[in-house]
Amino acid sequence: MRPRNSLAFAAILFVTCIAGRLAAQGQPPAPAPAPQQAPPAQPPAQGGRGRGQATFPAQQRTLADPAVVARGKTLFEINCRLCHGADLRGGDMGGVNLLRSNLVLTDQHGELILPVVKGGRNNPGMPVMPPFPQISDDDVKALAEYIHAVAFTMRGQGNPPASEKPVELNILVGDASAGKAYFAAKCSSCHSETGDLQGLATRITDPVQLQNAWVAGGGGRGGGGGRGGRGGAPAANRREIRVTVTPAGGQKVEGRLDRLDDFIVTLTPADGVQRSFTRNGDVPKIEIQDPLAGHKQLLSVYTDKDIHDVTAYLVTLK
């Protein structure tokens, strides 16, 4: 019996030693906590009502000095109002809505508007914008700043800088006698003070509107009154561009010009059925009758003095 008891005692002793050794080594270390991940980045706040800082170029733009904005307003009233409207949404001459123009929205301080004002635009299906090379670069930039200030207000982002007193335009600073001489030399072949322009200053009493009207080619009583005032054309047709198309070996087709480019000419004849002709060089023959051609040609010729002189003369036609 003693050998068996000795074996049992030895086994117990062995197990006790193993347990003691493990206790001396302590508990196994707890696993290291996983590194915390940064929360996902939030998308940048979009411009708009209560959404943080604006991100669109038109909303990040800084407004110009009030004096520059006021000067731009004066220039706009004289040069741009008739086509683009008093509120910049488009005027009597069919100019584009400047508040929705992608070019205007992208422009910051006139860098994109400048080449358009200087060089004009002639896009198919859109009213022709003549060039204004006589307007200086600084004046174009002032125009751009005024347009941006108006757009800023229209978006409900506050009031743009403005002069303390409303800008009062006084454009009657020209020489009426010099304006009469200019009229006789440049305008009398199409217009007459005793014909289509008789009583002009009574029909258009605001000098600013009167100046805008004659510069752009409106204000008369018809499409080219001439000596004796042939006028009388329907108001809708006074500024209508007409075209005569003569196909090779075909019959002439005349009507309102709808589209013209290097590849196609489209017109609407008197029957109201629109027609298109493919262009190949000089075929078909195309003859354009633009009642405002003379005014468009003068845009790149006359000076500010010429404009003021003619306006001073026209206000006397009552």
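Mentor: A polar contact is a pair of N or O atoms within 3.5 Å (within protein, one able to donate a hydrogen and the other to accept it, with sequence-adjacent residues counted only if both atoms are side-chain atoms). This is a predicted model, in which local features need pLDDT of at least 70 and side-chain atom pairs pLDDT 80 or more, while totals for chains, interfaces and linings use all residues. Residues are numbered from 1 along each chain as its sequence is written, and side-chain values use heavy atoms, without hydrogens and water.

Trainee: Which residue caps the N-terminal end of helix 3?

Mentor: Helix 3 (a DSSP run of H or I, at least four residues, numbered from the N terminus) covers residues 66-79. A side-chain oxygen lies 2.9 Å from the backbone nitrogen of Ala 67, and the residue supplying that oxygen as the cap is Asp 65.

Trainee: Which helices do the buried residues of helix 3 pack against?

Mentor: Buried means under 20% relative accessible area with a 1.4 Å probe, protein chains only, and in helix 3 this holds for Val 69, Ala 70, Gly 72, Leu 75, Phe 76, Glu 77 and Ile 78. Their packing partners, by contact (heavy atoms within 4.5 Å), are helix 4 (81-84), helix 7 (137-154) and helix 10 (207-216).

Trainee: How is helix 3 oriented to helix 10?

Mentor: The contact joins Glu 77, Ile 78 and Asn 79 of helix 3 to Val 208, Gln 211 and Asn 212 of helix 10. The axes (lines fitted to C-alpha atoms over the stretch in contact, with angles from 0 to 180 degrees between N-to-C directions) lie 8 Å apart at about 55°. Because angles under 35 degrees count as roughly parallel, over 145 as roughly antiparallel, 65 to 115 as roughly perpendicular and the rest as oblique, helix 3 is, relative to helix 10, oblique.

Conventions: Helix = DSSP H or I, 4+ residues; strand = E, 2+ residues; numbered from the N terminus. Expected span 1.5 Å × (residues − 1). Buried < 20%, exposed > 50% of the residue type's maximum accessible area, 1.4 Å probe, protein only.
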